[in-house]
Amino acid sequence: MKKILIQLDTSQHASSFDRVVAVDAGVDELMSYHEVTPVNVESLVHGAMFTRGPADLKNTALFIGGSDVHSGENLLRKVQETFFGPVRVSVMMDSNGSNTTAAAAVLAAGKHLDFAETKALILGGTGPVGLRAAQLLARRGASVVIASRSEERAQAACDAISALVEDAKVQPLSLKDHKQLEAANQDTSLIIAAGAAGVKLIPAACWKPLKALKVVIDLNAVPPAGIEDVDVMDKATERDGKLCYGAIGVGGTKMKIHKAAIRKLFEANDLVLDTEEIYQIGVDLQS
């Protein structure tokens with residue numbers, strides 16, 4: 001029986017990136033739908049649920065994507081509400097690559113750090129990738145500082161993580177200038193930049209002098225770098241005594257996780273692959 005992946009994309013056009021990855025992951029048939037919303041998704045989910053017998057449902061799966069992560073989260077909730085009893089198919093949510101990218105970044109950091117002894121600074125921490133990276137780090141015992149230009153958004157991000165992670169050690173940081181960032185992070189051992197593409201979040205003069213800093217990860221692939229002097233190709237590249245990763249340096253792991261997650265969808269008919277589940281797939285790939 002053929003493995004069918006149904007791509008539910010919330011954007012105007014179904015992502016060509018996600019389509020290519022699905023094909024490379026070994027999907028037999030790919031059905032793509034665009035501008036999918038919680039209002040119009042039910043019939044698409046029913047089409048996946050009611051066309052194959054119970055023993056064969058594992059050969060159909062759903063992938064939720066699109067450029068807007070909040071829309072993807074809402075769509076995932078509606079999809080799960082549509083299932084009932086054992087009549088369901090597996091579903092993966094990775095809108096804008098948020099889960100796979102965050103997982104790859106945290107896995108890269110984990111090669112060099114004991115998270116229980118790590119203080120991490122997430123730049124762009126209120127965005128989809130930063131928020132998920134912070135969640136993964138907090139669950140593994142790291143102390144996490146979520147930085148934003150807005151104190152309200154930074155606090156809201158901390159509250160969201162605390163609701164998901166018991167005893168999470170998270171705190172907001174409202175950034176007004178780079179000097180303030182440097183002063184507040186003298187004991188920081190990890191910096192992850194997950195801000196908007198093409199925006200420099202921290203100059204080299206602010207992160208290079210930090211003596212406790214061990215790992216620097218910039219997830220921005222569009223010039224200028226989010227972390228100045230980190231190259232997009234860096235992969236555990238030593239710069240001024242710090243190990244640096246750029247977007248492409250992390251991207252290889254992200255792609256492996258993405259493909260492995262799609263393949264895993266077809267192992268059972270009741271999987272929900274979100275932040276933690278996708279991270280665990282990355283852990284399994286490394287073991």
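## Arginine 239 and aspartate 234

Arginine 239 has a relative accessibility of 27% and therefore counts as partly exposed; the class lies between buried (under 20% relative accessible area) and exposed (over 50%), with a 1.4 Å probe and protein chains only. Aspartate 234, at 4% relative accessibility, counts as buried. The two side chains form a salt bridge with an N to O distance of 2.7 Å. A salt bridge here is a side-chain nitrogen of Lys or Arg within 4 Å of a carboxyl oxygen of Asp or Glu.

## Basis of the values

This is a predicted model, in which local features need pLDDT of at least 70 and side-chain atom pairs count only at pLDDT 80 or more, while totals for chains, interfaces and linings use all residues. Residues are numbered from 1 along each chain as its sequence is written, and side-chain values use heavy atoms, with hydrogens and water left out.

## Other salt bridges

The structure holds twelve salt bridges. One of them joins glutamate 73 to arginine 132, with the closest N and O atoms 2.6 Å apart. Glutamate 73 belongs to helix α3 (residues 69-82) and arginine 132 to helix α5 (residues 128-139), so the pair ties together parts 59 residues apart in sequence. Glutamate 73 is partly exposed at 26% relative accessibility, whereas arginine 132 is buried, with a relative accessible area of 5%.

Aspartate 94 and lysine 254 also meet in a salt bridge, at 3.8 Å from N to O. Aspartate 94 sits in the loop between β4 (90-93) and α4 (98-110) and lysine 254 in helix α9 (residues 247-264), so this pair ties together parts 160 residues apart in sequence. Both aspartate 94 and lysine 254 are buried. Arg139, Arg140 and Glu276 are linked in a network of salt bridges.

## The chain as a whole

The chain has ten helices and twelve strands; these are DSSP runs numbered from the N terminus, helices being H or I of at least four residues and strands E of at least two. Of its 287 residues, 50% count as buried. Among contacts (heavy atoms within 4.5 Å) between residues at least 6 apart in sequence, 73% join residues at least 24 apart.

The radius of gyration is 19 Å, which agrees with the value near 19 Å for a compact globule of 287 residues. That radius is taken over C-alpha atoms, and the globule rule is 2.2 Å times the number of residues to the power 0.38. Along the principal axes, the C-alpha atoms fill a box of roughly 60 × 35 × 35 Å.
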